[in-house]
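Morning, everyone. Please look at the screen, and I will walk you through a few spots.

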Amino acid sequence: MTEAGKERAAKAEPRGDRDGAAQRQRLREGALQLFVESVRDYALFMLDPGGRIATWNAGAERMKGWRAEEIVGQHFSAFYPAEEIARGKPEHELEVAAREGRFEDEGWRLRKDGSRFWANVVITAVRTREGELIGFGKVTRDLTQRKRAEEDRLAMVAQEEGLRAREELLVVAAHELRTPIAALQLHADLVRRTAEREGVTNDRLVDRLARLQHSATRLSRLVDAVLRVATLEPGRIELARQRLDLRALVERVVEEHRAEIATAGCAVRLEPGPPAVVSGDRHLLQVLLENLLANALKYGDRQPIQLRVAARGGRAAVSITDRGIGIAAERLPALFDRFSRAAAPRHYGGLGLGLWTVRAIAEAHGGSVRVASEAGHGATFEVELPAEVGAEAHAGASP
Ligand SMILES: Nc1ncnc2c1ncn2[C@@H]1O[C@H](COP(=O)(O)OP(=O)(O)OP(=O)(O)O)[C@@H](O)[C@H]1O
Ligand SMILES: [Mg+2]
């Protein structure tokens, strides 16, 4: 501006106005400072060019726990975990901010009490008009909640993927088993017929052939049950319903598993009582009972097993009590989930599908299953199903 121009400008802006502008500027700066100091959701503070903390706002105190008088003057590496300091991260961040004007990052930072929080950090280089670096402005947000929610979501996705992979494997395995089992059934049948045709009278041989056939049939039923149950949601299992007596079905399952019961060394007793008629899918209810019995035998520690069947108030219930290893309280809530296992896998084999299957079948019937157990003191599983009207009196249903 020329001298004449300056003179004109000075005339155009009288002295009083110039004082007013300076005052407004001071007010604005004061207001800005108040604003920065009172922001509570962001830590806003300044570092000197060497990285020492120069200012500190309410948000910084709230987020990080230090009061201004405790932290101003200290190096900002106080906010970093030891491993980050060892890697030279704080210095690196300032270098980048000085070179490029800005640095942004997300990572774990420390509070005064040593706890960690997940921070979004922006560091901005502050320079004079002439370009001299006078410090850094630092804005930190606490994103721990978002980070944890994201981690939980990822863990859930991973868990679900794991479950799906196991389920697929199981279904593939069951499919693959179908063909050899069908061949086994066919050949067992052919051998039995041949024996019949040729008048074989060896009782032990005939008996063993019958057992062979019986086992092949059970195997095939099991594989079918896996295929039917593993992939289906409880609400979508199709039932081939018929009137049947739950008590008779329990008797039959016990009868068919004499060999396993003998091997397990548990005395199995069904409390006597009247029939309990339900409308159910015989195969699936048999699978349900077999799973409960198999568990009682497996985890029953060679102790007696008690079965009860009752019909009361429109519900039919079957319960099985063992005096075996029991289940720790913390395992109970997820016990019926797919692939959930509570016992040491080294000692007890299994997939963790049995109880899931039990629940799926019970619920498909409009029923439910409960467990009462204590570690070391055995377990009682009770399945409740809607009973047919007059269940207590009706004795004519097929087992
Ligand atoms: N009667 C029981 N006593 C003690 N623990 C039991 C009993 N029944 C089930 N459990 C526990 O519950 C878990 C889940 O049972 P579930 O029948 O679903 O699986 P599994 O028996 O391990 O395998 P499988 O798929 O062959 O049945 C078992 O691993 C076991 O830890
Ligand atoms: Mg089981």
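Start with a charge and a ring. The charged end of Lys147 sits over the ring of Trp118, 3.7 Å from the ring's centre. The rule for that is this: NZ of Lys or CZ of Arg must be within 6 Å of the ring centre and within 35 degrees of the ring normal. Another case is Lys64, which lies over the face of Phe79 at 3.9 Å from the ring centre.

A word on what you are seeing. This is a predicted model, where local features need pLDDT of at least 70 and side-chain atom pairs count only at pLDDT 80 or more, while totals for chains, interfaces and linings use all residues. Residues are numbered from 1 along each chain as its sequence is written, chains are lettered from A and ligands numbered from 1 in the order in which they are written, and side-chain values use heavy atoms, with hydrogens and water left out.

Now, rings with rings. How many aromatic pairs does the structure hold? The count is 8. Rings of Phe, Tyr and Trp (its six-membered ring) pair if their centres lie within 6.5 Å; planes under 30 degrees apart count as stacked, over 60 as edge-to-face and the rest as tilted. Take Trp66 and Phe79. Their ring centres are 5.4 Å apart and their planes meet at 55°, so this pair is tilted. The pair links distant parts of the chain, 13 residues apart. Trp66 is in the loop between helix H3 (58–64) and helix H4 (68–71). Phe79 is in the loop between H4 and helix H5 (82–86). Those labels follow DSSP runs: helices (H or I, at least four residues) and strands (E, at least two), numbered from the N terminus.

Are these two buried or exposed? Both Trp66 and Phe79 are buried. Buried means under 20% relative accessible area, exposed over 50%, and partly exposed in between (1.4 Å probe, protein chains only).

Next pair: Phe76 and Tyr80. This one is edge-to-face, with 5.5 Å centre to centre and 90° between the planes. Phe76 has 0% relative accessibility, so Phe76 counts as buried. Tyr80 is buried too, at 2%. And back to Trp66 and Phe79 for a moment: together with Phe45 and Trp56, they form one aromatic cluster.

Tyr80 also leads us to Lys89. Leaving out residues up to four places away in sequence, Lys89 touches Tyr80, Glu84, Asp105 and Arg109. Contact here means heavy atoms within 4.5 Å. Lys89 lies in helix H6 (residues 89–100). With a relative accessible area of 13%, Lys89 is buried.

On to Asn57. Look in the loop between strand S1 (43–47) and H3. Asn57 is buried, at 3% relative accessibility. What does the side chain of Asn57 reach? The backbone nitrogen of Leu44, at 3.1 Å. That is a polar contact: a pair of N or O atoms within 3.5 Å, where within protein one must be able to donate a hydrogen and the other to accept it, and residues adjacent in sequence count only if both atoms are side-chain atoms. Asn57 and Ala43 are 14 residues apart in sequence, and their C-alpha atoms are 6.5 Å apart in space. Beyond four places in sequence, the contacts of Asn57 include Val36, Glu37 and Tyr42.

Now the ligand. Which residues are closest to ligand 1? There are 20 residues around ligand 1, and the closest are Asn295, Arg341, Ala343, Leu353 and Leu355. To be counted, a residue needs a heavy atom within 4 Å. A polar side-chain atom of Arg341 lies 2.5 Å from an oxygen atom of ligand 1. A polar backbone atom of Leu353 is 2.8 Å from a ligand 1 oxygen, and one of Gly354 is 3.2 Å from a ligand 1 oxygen. On its own, ligand 1 has 590 Å² of accessible area, and the protein covers 93% of that. Areas come from the Shrake-Rupley method with a 1.4 Å probe; for residues, only the protein chains shown count as cover.

Asn295 is found in helix H11 (residues 282–299). Asn295 counts as buried, at 15% relative accessibility.

Last stop: the loop between H11 and strand S8 (305–312), where Asp301 lies. Phi of Asp301 is near 60°, a positive value in a residue other than glycine. Arg302 has a phi near 60° as well. Asp301 is partly exposed at 45%, whereas Arg302 is exposed at 55%.
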